[in-house]
Amino acid sequence: MKILSIHIFSLYQSKPIILSSAFSLSFVSIFQRGTLKDFLNFHSRLVIERVAQDTHAQVQLEKGICYAIANSDKIGVTMICDDEYPKRVAIDFLLKVHNDFKAFIAEKRLDLNIYTNDTDVKYENIATEIEEWQDPSKKDNLMKLQNELNDVTDIMRQNLNELLKREE
């Protein structure tokens, strides 16, 4: 399970404006990262401009999935990840990024209306968040519980197999 990118958009203009983004592309050669970033930017923008206000969407890409939310406060967030990443955790992550960014712009008193071109709003949390959420089982309590149940089930199966081998 891998998150490739997260984008935060301003939806005030007719075309979505990238305010901040983060990428996790260490698995790709340094020579291919620029091309992959362009691909991720393009698809994120394409998906977010088609998402209705106050909804979320999931779009299957050639390789991976793009999750997106667009809220009435004119802030949109997208995440591109591989097919294995759980949808529920992805939506939770998008909502967390959205709420954190909303608090950030309120604290910094930023006016999103003034941005007409892609820019890099210095939002440092996005880079740390993308790394923290790479393993969804660490951030999602239900996945933690499911993993623990799977471990217990495996142990019980091993114990039963050993009992059967001893014919007890």
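Where does Arg 109 lie? In this predicted model, Arg 109 belongs to the loop between α2 (87-108) and α3 (125-132). The residue is exposed, at a relative accessible area of 76%.

Most residues other than glycine have a negative phi. Asp 54 sits in the loop between α1 (33-48) and β3 (55-61).

**Ser 24**

Ser 24 is in the loop between β2 (17-23) and α1. Is Ser 24 buried or exposed? Its relative accessibility is 10%, so Ser 24 counts as buried, the cut-off being under 20%. Leaving aside neighbours within four places in sequence, Ser 24 is in contact with Ile 3, Leu 4, Ile 130, Glu 131 and Gln 134. With Gln 134, Ser 24 forms a side-chain polar contact of 3.2 Å.

**The buried side of α3**

Which residues of α3 are buried? They are Ile 126, Glu 129 and Ile 130. These residues cover an arc of only 100° around the axis, so they lie on the same side of α3. An α-helix has 3.6 residues a turn, so residues three or four places apart point the same way. The buried residues of α3 pack against β1 (3-10), β2 and α2. One of the buried residues, Ile 130, is also among the contacts of Ser 24.

Notes:
Residues are numbered from 1 along each chain as its sequence is written. This is a predicted model: local features need pLDDT of at least 70, side-chain atom pairs count only at pLDDT 80 or more; totals for chains, interfaces and linings use all residues. Side-chain values use heavy atoms; hydrogens and water are left out. Helices (H or I, at least four residues) and strands (E, at least two) are DSSP runs, numbered from the N terminus. Buried means under 20% relative accessible area, exposed over 50%, partly exposed in between (1.4 Å probe, protein chains only). A polar contact is a pair of N or O atoms within 3.5 Å; within protein, one must be able to donate a hydrogen and the other to accept it, and residues adjacent in sequence count only if both atoms are side-chain atoms. Contact means heavy atoms within 4.5 Å. The arc is that of the directions from the helix axis to the C-beta atoms.
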